[in-house]
Amino acid sequence: MSRPQSLTGKPVFPYRVMERILLTGAGGLAVGSLLLQGQILSGLGMALVSLLAFRVLTRSRLMAALLVGGVSTVVAWSLISQVDQPEMVSAGFWCQVVAAWLLAWACVEQLSSIHTLSSLYRSILGVIIPVLFGVWLLILWELLTRGLDVPQVLLPSPSQIGERLMNSTSILWADFKQTFLKAVLIGYAVGCGAGFVVAVLIDRSPFLQRGLLPIGNLVSALPIVGVAPIMVMWFGFDWPSKAAVVIIMTFFPMLVNTVAGLAAAQPMQHDLMKTYAASYWQSLFKLRIPEALPFLFNALKINSTLAMIGAIVAEFFGTPTVGMGFRISTEVGRMNVDMVWAEIAVAALAGSMFYGLIALLERMFTFWHPSVRS
Amino acid sequence: MGSRVGTALFPVTVVTLAIILLWYVGAASLNLAWEKSVAGRAGTTPSFISMVQNTMHQERPVLPAPHQVVSEIIDTTFKKKITSKRSLVYHAGITLSSSMLGFAMGTLLGILLAVAIVYNEALNKSLLPWIIASQTIPILAIAPMIIVVLNAVGVQGLLPKAFISMYLSFFPVAVGMVKGLNSPDSSYLDLMRTYNASSLQTFFKLRLPTSLPYLFTSMKIAVAISLVGAIVAELPTGAVAGLGARLLAGSYYGQTVQIWSALVVASILAATLVVLIGWLGDWVNRRMGLVRG
């Protein structure tokens, strides 16, 4: 009896465990529905469907995943609709919550064990699987906060946060404009640009490279966020001081990465450029900068999150009455925690989009690099 | 290795000296405006040289001169009792303890997540994208939340700050460990299979040892940002102790020398931690025979 193992030697998820998850989920549904009066028939029916999925499991993973996923979604929907009735929240309720989570997990397991050669399907699966996971985290969050009556001050439910998000778009937009569109973007552009220019300037001096690089590496590891109070003193309360913090934070990673990237071209390639009688600038723009692009994008990606952190931290040291960091610190003080979470959601969304945009540009510009091609 | 350190030493020293010189020039030029206004109010016209000399000893300079920061650090580290509230050692100790606790928790969490991700394809596909997305959330957005929430359930002091350090430091460890645990050559994995090794044996005898160099590289990044996390976590709580609290208090009362000395101490602390982890990693690599000498 051999364990299933893939060719690369990476352990494949054993089917026995998979079956156990499914059976436990279906069993949990059945038990939960027996405990929850009035739900017996539908619950048992769903348990039956889950078991049916178990039968087709080995034949079509997609079918099984769709069946199991559908059942868990219906269960979750019915659970959310009844979570506010105190008499419904009982042992049977929590049984069904756990069962639905297990079924959803079985669905994710099924989907991720699908191996397809089509790159389109692969990328669709690559989006669907994490999204399913995230949606289920939200569902669990909603059920737990409402089912356990968690006070809103402690942890608001996703629906409350969503409601607040919809109701205060104007405030959120003003904060977003102040923090992201002004401080983060300007600081990011200037910081990364300056890091790049300085790196090209010191590129011609090996002495400066040897002297500046260790210091640049050291500075990137230091808590530069701490300069925020100084920048606020120098540049005032408005966004320029935040942009200054962002510039300082993003400068050194860009400098270090650019210098490393400019050294990445092979001696053979340099020799080729020399046989073409290429000037310094020609070989810089046609060989070394393209060769440095993976390093540049690495710095740009690191900096995209650093910039957000820098701008928001700087707002804790004084700010006009607008901005994401300002809103977060004041609304926490006023116990409007749902507003804080709305602000966090905006920040997370903006940060992810920013990061995603740079990752997309990276794919476009470094299409030739092995890490993108494979 | 020795010769490389030798060739780097001279340029690094020169650049460091140049930075200190620039700092003095910056301090003089930035602080000159204040001296001019003092002289203007007093109705005197001191010589340029004496004004520049005065810029080096202002009580609340725009940019303190390096020797002012150094004397403040010496004053607050060696001449105060360690338990005194005015001692920087006391504040650094508080920040260090919460960042070390957070670093330890973050490293552990990162390793556990990496093991789970490597051994379960579904987690790899569903959890890894969210781990990456979690880092695009500015931690500061969550810091006040975590502290308020934990405060409400009665958790105060070290732990909330450590959680923020953990949140920042688990990410590089998790990503590095996933890479490290997947790094053994497939021929080694085949060899383990011919030995009929169980998956536990493969893990402890092959995957874990091969991942250690990756782990230490990640830990160097993680230890530096866990310190940032601890400092930053002290800001929104209105903490009264710790390097972050020193920064905040300094900014409230315009004590620039205090801010700069806290910053320099934080930097020294971060650099020391990174070097220590680097040594530990070198030692482990040597013991495993990965590096000769």
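Buried area is the accessible area, taken with a 1.4 Å probe, that two parts lose on being put together, summed over both. In this predicted model, chain A and chain B bury about 4,900 Å² between them, and 79% of that area lies on carbon and sulfur atoms.

On chain A, the side that touches chain B draws at least two residues from each of helix 4 (91-112), helix 5 (119-147), helix 8 (206-221), helix 9 (228-235), helix 12 (280-315), helix 13 (324-333) and helix 14 (337-365). By class, this side of chain A holds 39 nonpolar, ten polar and four charged residues. In total, 53 residues of chain A and 66 residues of chain B take part in the contact. Specific polar pairing between the chains can be stated briefly: there are zero salt bridges between chain A and chain B, and one residue pair is in polar contact, with both residues at pLDDT 80 or more.

Within chain A, the domain assignment gives domain 1 (32-148) and domain 2 (158-372). Four residues from domain 1 and four residues from domain 2 of chain A form the contact between them. The area buried between these two domains of chain A is about 330 Å², with 70% from carbon and sulfur atoms. On the domain 1 side, A:L138, A:W141 and A:E142 supply 92% of the area buried against domain 2, more than any other three residues. The residues of domain 1 that touch domain 2 of chain A divide into two nonpolar, no polar and two charged. Between the two domains of chain A the count is zero salt bridges and one residue pair in polar contact, both at pLDDT 80 or more.

Terms used:
Residues numbered from 1 in each chain as written. Chains lettered and ligands numbered in written order. Predicted model: local features only at pLDDT ≥ 70, side-chain atom pairs only at ≥ 80, totals over all residues. Heavy atoms only, no water. Contact = heavy atoms within 4.5 Å. Salt bridge = Lys/Arg side-chain N within 4 Å of Asp/Glu carboxyl O. Polar contact = N/O pair within 3.5 Å; in protein donor to acceptor, adjacent residues only side chain to side chain. Helix = DSSP H or I, 4+ residues; strand = E, 2+ residues; numbered from the N terminus. Nonpolar A, V, L, I, M, F, W, Y, C, P; charged D, E, K, R; others polar. Domains from an automatic or database assignment.
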